[in-house]
Amino acid sequence: MKIFKTKFLSLGIMAVLAVASSVYFSSCTKDFEELNTDKTKLTTLTKTEFPYLFSKAQSASSYAFWRYQVAQNLFADLYCQYYATSATYFPSDRYVIRMDWMRWHWTPIYTEAVPQLKTLLDQTDKASAENALAKIMWVYTFHRVTDYYGPIPYFKAGEPGRTVTYDPQDKIYDDFFVKLNEAVTVLKGKTSEKPYGNFDLVYKGDVNKWIKFANTLRLRLAMRISKVNPAKAKTEAEAAVAGGVMTDIADDALMVKSLNGSDFNGLSGISVWNEFRMSASMESVLKGYSDPRIGVYFQPASNTGTYEGLRNGLTPAQLGIAANSNDNNSNVGERWVRGKGSAWTGQNTNPQNVMHAAEAYLLRAEAALNGWSVGGTAKDLYEKGLETSMRQWGITDAAAIAAYVASDKTPIAPGDQQNSPALSNIPVKFGSTEAQQREQIATQKWLALFPDGIEAWAEFRRTRMPKLYPPVNSENGDIPQGQFLRRIPFLDLEKNTNKAAVDAAAGLLGGPDKASTPLWWDKN
């Protein structure tokens, strides 16, 4: 693990200083260096520089290389139990929140994504495709921030000032829907254009794919608020589907990654460090289902040649048991890292997963169970979601996919020192009761979202499914043993530099500024 040090200023000042921050997108890097020779002053920007700003915002929002670890892997990835910590020096799996690490979830967004997007929103024509794409990226970027903390600086983000106010999460979500609707409305009339061209790290300016991305994001956010505001959720979900969501793996959003500026695929870059392994929850489900994706998501343990996982929340002493060593448990799959033992090589230029059609189908399946009009039955959409996820990961044998969809297999006990039971008793085959169907949809969405732990943790908090194992140990005084962490408290960084705003924000939570306080949309 490698943490880089820097100095921190208030959000408003950082926003001004960061507008001209560097972009390191492949061949664009050399040209952009000239724009960044003095990082203490703003550079005069013209339309020629706008594509560079968009690239930089996209890259920052994906948390490249080591930032991925301290923004996502040590927190959301563990909380959703894709992985468990295998390193004895990391307390995160026991719900200890290191604020000096967590700031790297926050700072890149407010210094390297928000100023760039704010510039594009302010300086491009509101009726342009470039403006529309900036709106979509604004929503995508911020939904991954607010769903960690709740209230955040949003409406005045990117504006100069030493104090930047926090906004309530319900108002932020309202604006998400407005921006996505505005963006899609504009883009429908711009389908022949290529906004930002190859500087667009996801779709290379393909407007039709951005329309589907925006609508799928709108559907995701609609389902997020389905318990707190079901009427609005229904309206937004149905509008998203009617507008056209992702339906094929050709629609999938993958972000270009590069060795330039260490803009690595985040998961690839950190998997060589031998600090986490497959979780027992993943082992129970993937092995129990004989899920073909297990060989894509993970690799057999170096010592055993079998797929093995760890319970979350083990103490250093428990991790010291031989069976819990790295060599006896499964690293992530060869798409991200190759090797064995202590010798691993990251596949650092593989594209980073952003959003996929499989998720859209499973979101629609849940919406159909709610009785909403989303273009299919819950069963058909569920089964199509499973098929699409398989094909996304290169599993194309139609007979194998059909056998999986019809399987009566259930999760198994992982056989660990904790004598953990099977995670659940639900099969893959679509069930006969609504309760079973909801758990199946949520479980398969958890599998399909891999490796996006930020989204998977948000969905777990919303649905409480799959029924994950409680961490074996909790060392967070606000989270009693057997309970799950609900949010990230406001950062010490912000308390030190934006104190008045943070103090006011505490009143927007509906509870104390603790990890046990649920977010606005979390009604469990």
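Me: Which helix does glutamate 494 lie in?
Reply: Glutamate 494 is in helix α20, residues 492–497. Keep in mind that this is a predicted model.

Me: Buried or exposed, that glutamate 494?
Reply: Buried: its relative accessible area is 1%, and the cut-off for buried is under 20%.

Me: And how far is glutamate 494 from tryptophan 106?
Reply: Their C-alpha atoms are separated by 9.7 Å, though the two residues sit 388 residues apart along the chain.

Me: Switching to α17. Which of its residues are buried?
Reply: In α17, which spans residues 398–405, the buried ones are Ile401, Tyr404 and Val405. Down the helix axis they fall within an arc of 95 degrees, so they line one face of α17.

Me: Why would residues a few places apart point the same way?
Reply: An α-helix has 3.6 residues a turn, so residues three or four places apart point the same way.

Me: OK, what covers the buried residues of α17?
Reply: The cover includes α16 (378–392) and α18 (434–449).

Me: What caps the N-terminal end of α17?
Reply: Aspartate 397 does, with a side-chain oxygen 2.9 Å from the backbone nitrogen of alanine 399.

Me: Now strands. In what sense do β4 and β5 pair?
Reply: Antiparallel, over four bridges, with β4 covering residues 337–340. Opposite threonine 345 of β5 stands arginine 338.

Key. Residues are numbered from 1 along each chain as its sequence is written. This is a predicted model: local features need pLDDT of at least 70, side-chain atom pairs count only at pLDDT 80 or more; totals for chains, interfaces and linings use all residues. Side-chain values use heavy atoms; hydrogens and water are left out. Buried means under 20% relative accessible area, exposed over 50%, partly exposed in between (1.4 Å probe, protein chains only). Helices (H or I, at least four residues) and strands (E, at least two) are DSSP runs, numbered from the N terminus. The arc is that of the directions from the helix axis to the C-beta atoms. Contact means heavy atoms within 4.5 Å. A polar contact is a pair of N or O atoms within 3.5 Å; within protein, one must be able to donate a hydrogen and the other to accept it, and residues adjacent in sequence count only if both atoms are side-chain atoms. Two strands pair if DSSP finds at least two bridges between them.
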